[in-house]
Amino acid sequence: MAKLHINCENVKETIQPEIYGHFSEHLGRCIYEGIYVGEDSEIPNVNGMRTDVVEALKEIKIPVLRWPGGCFADEYHWKDGIGPKENRKKMVNTHWGGVVEDNSFGTHEFFELCRQLGCKTYVNGNVGSGTVQEMSEWVEYMTFDGVSPMAQLRKENGHEEPWTVDYFGVGNENWGCGGNMRPSYYADLYRRYQTYVRNYNPEKPISKICGGANVDDYHWTKTVLDVTHDHTLPRFHGFMDGLSLHYYVHPEGWEIKGSATEFDEEVWYKTLKKALYMETLIERHGAIMDEYDPDKKIGMIVDEWGCWFTCEPGTNPGFLYQQNTMRDALVAGITLNIFNKHCDRVKMANLAQMVNVLQAVLLTEGKKMIKTPTYHVFHMYRHHQGAKLLDSTLTGVETIGIGEWKVPEISESVSVDKDGIVTVTVNNLSATNENKLDIVFAGMEECMVMEAKIVSGQMQDYNTFENGDCVKEQDFDAYSVQGDMIHLNLPACSVVELRIGR
């Protein structure tokens, strides 16, 4: 029988809230219609931001938001998105759908959105088609509180005080859509560009994110670190605060991808197996980072992750709109557990994407909005944010699956917050079978379940605009407590959260 051993005396690193971050790109209906509808819209809004979307995102305690891309970032010229909306330049979004981008959502609108959400800001700069001067002036425009041309321009556009840029990405996917660069070339560009990402306010320093690898391109990671660390990092604090990593789950491969809603058990296990590959990537890229940064001062920033399926039939293929099933919920649960357990190195992650694109937490259609299964997992897992990782180990766990696609039947992570409440998140990866699990505590003589929640269903279940509650978070009662042990009956295809006190 499977057992989860939790050592309450072995408290580890902090699970940074930013691990539960999100990503919003000028792609399809993510920004426009999904988040921003304009001040004159009949859809309830505050300064153009959908009220329903903002309130739903606040419920999951969104900690940080990445913008404006993605591939869009390296064709985005920020001055096109400031000033009176009627004067802003229009452009064709060549990366995503070939539609007209009117730049009505720009720098001011992004910071207004983050103000409403109460989250940190992660701005991605343009290295692929932008200049050092352009990037430098953008940072000045956003953050400088003094006499300068860009600070004056910001004031003329209606914002007297500077904003806080918490994170700044120097380019995006520069191995691909961001310029098809070689790692050594990008690394030299990073050294140059980051120099001009000035910290104008020492009390609110900008964390600089270097563009990292695509999936298992370990050569990119090693080369970029080798070039950037050539007698530089030891002398300059804040030269590089994070190195990114991108990984998407494509069950049928990059070209085919596969349907978001129509799949069998073999594809179910294939998808979960590929989700578990995230741990291998973190460990192998992390080992290379350890060579250059043994003290783990540079965070691994997984700023694009999630399921990428074939878009829904009848939709613009460049909009990447897909449905979200219990399979996505399990991928989210597995991946967040992995991030938690590697929080010594992983310091931020950004689900792709927030609304109406890829593995979104919310879907909208006109005035309607629904929460996806992934949303409910993020809501349950919010208690891990800022908590301390606890040492936990699974024993007696069987391997399940079909053919070569074998996975452990259970995934888990455990944390303890400042009030001593223990949060346990457990996933049953079986598509069909209930699993029994005993949770055994060391360092806790008696335990009390203060909250128990579950997201479960059939593997293909998803929410629609006609039935938005097919998959939802519910109370969980299939457990019993015996001293320092909790016995669980985990339904097939489920994500469970327990909040435990003494």
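So, Asn-180: you'll find Asn-180 in the loop between strand 9 and helix 5. When I say helix or strand, I mean DSSP runs numbered from the N terminus, H or I with at least four residues for helices, E with at least two for strands. The phi of Asn-180 is near 50°, a positive value in a residue other than glycine. Asn-180 is also exposed, at 63% relative accessibility. My cut-offs there: buried is under 20% relative accessible area, exposed is over 50%, and partly exposed is in between, with a 1.4 Å probe and protein chains only.

Quick housekeeping. This is a predicted model, so to speak of local features we need pLDDT of at least 70, side-chain atom pairs count only at pLDDT 80 or more, and totals for chains, interfaces and linings use all residues. Residues are numbered from 1 along each chain as its sequence is written, and side-chain values use heavy atoms, with hydrogens and water left out.

Back to the backbone. Asn-103 has a positive phi too, about 60°, and is not a glycine. Asn-103 sits in the loop between strand 7 (100-101) and helix 2 (107-117). Is Asn-103 buried or exposed? At 0% relative accessibility, Asn-103 counts as buried.

Then there are the cis peptides. One joins Trp-67 and Pro-68, with omega about 5°, and Pro-68 is in the loop between strand 5 and strand 6. Another cis bond runs from Ala-352 to Gln-353, with omega near -10°. Gln-353 is in the loop between strand 13 (346-352) and strand 14. If you have the model open, have a look at both.

Okay, cysteines. How many disulfides does a search of the whole structure find? One, where a disulfide is a pair of cysteine sulfur atoms within 2.5 Å. The disulfide joins Cys-71 to Cys-177, S to S 2.2 Å. The torsion about that S-S bond is about -90°, so the disulfide is left-handed. The pair links distant parts of the chain, 106 residues apart: Cys-71 is in the loop between strand 5 (64-67) and strand 6 (91-92), and Cys-177 is in the loop between strand 9 (167-170) and helix 5 (183-195). As for cover, Cys-71 counts as buried at 12% relative accessibility, whereas Cys-177 is partly exposed at 27%.

Cys-119 is buried, with a relative accessible area of 11%. Cys-210 is in no disulfide either; the nearest cysteine sulfur there belongs to Cys-177, 15 Å away. Cys-210 is buried, at 0% relative accessible area.

Now charges. Side chains of opposite charge can pair when their charged atoms come close. I call a pair a salt bridge when a side-chain nitrogen of Lys or Arg is within 4 Å of a carboxyl oxygen of Asp or Glu. A search of the whole structure finds 25 salt bridges. I'll pick out a few.

Glu-42 pairs with Lys-367, the closest N and O atoms being 4.0 Å apart. Glu-42 lies in the loop between strand 2 (21-23) and strand 3 (45-46), and Lys-367 in the loop between strand 14 (362-365) and strand 15 (368-371), so the pair ties together parts that are 325 residues apart in sequence. Glu-42 and Lys-367 are both exposed.

Next, Asp-417 bridges to Arg-499, with closest N and O atoms 3.5 Å apart. Asp-417 is in the loop between strand 19 (410-416) and strand 20 (422-428), while Arg-499 is in strand 26 (residues 494-501), so this pair ties together parts 82 residues apart in sequence. Arg-499 is buried, with a relative accessible area of 13%.

Last stop is helix 7 (residues 265-292), where Glu-265 lies. Glu-265 counts as partly exposed, at 30% relative accessibility. That's my tour; over to you.
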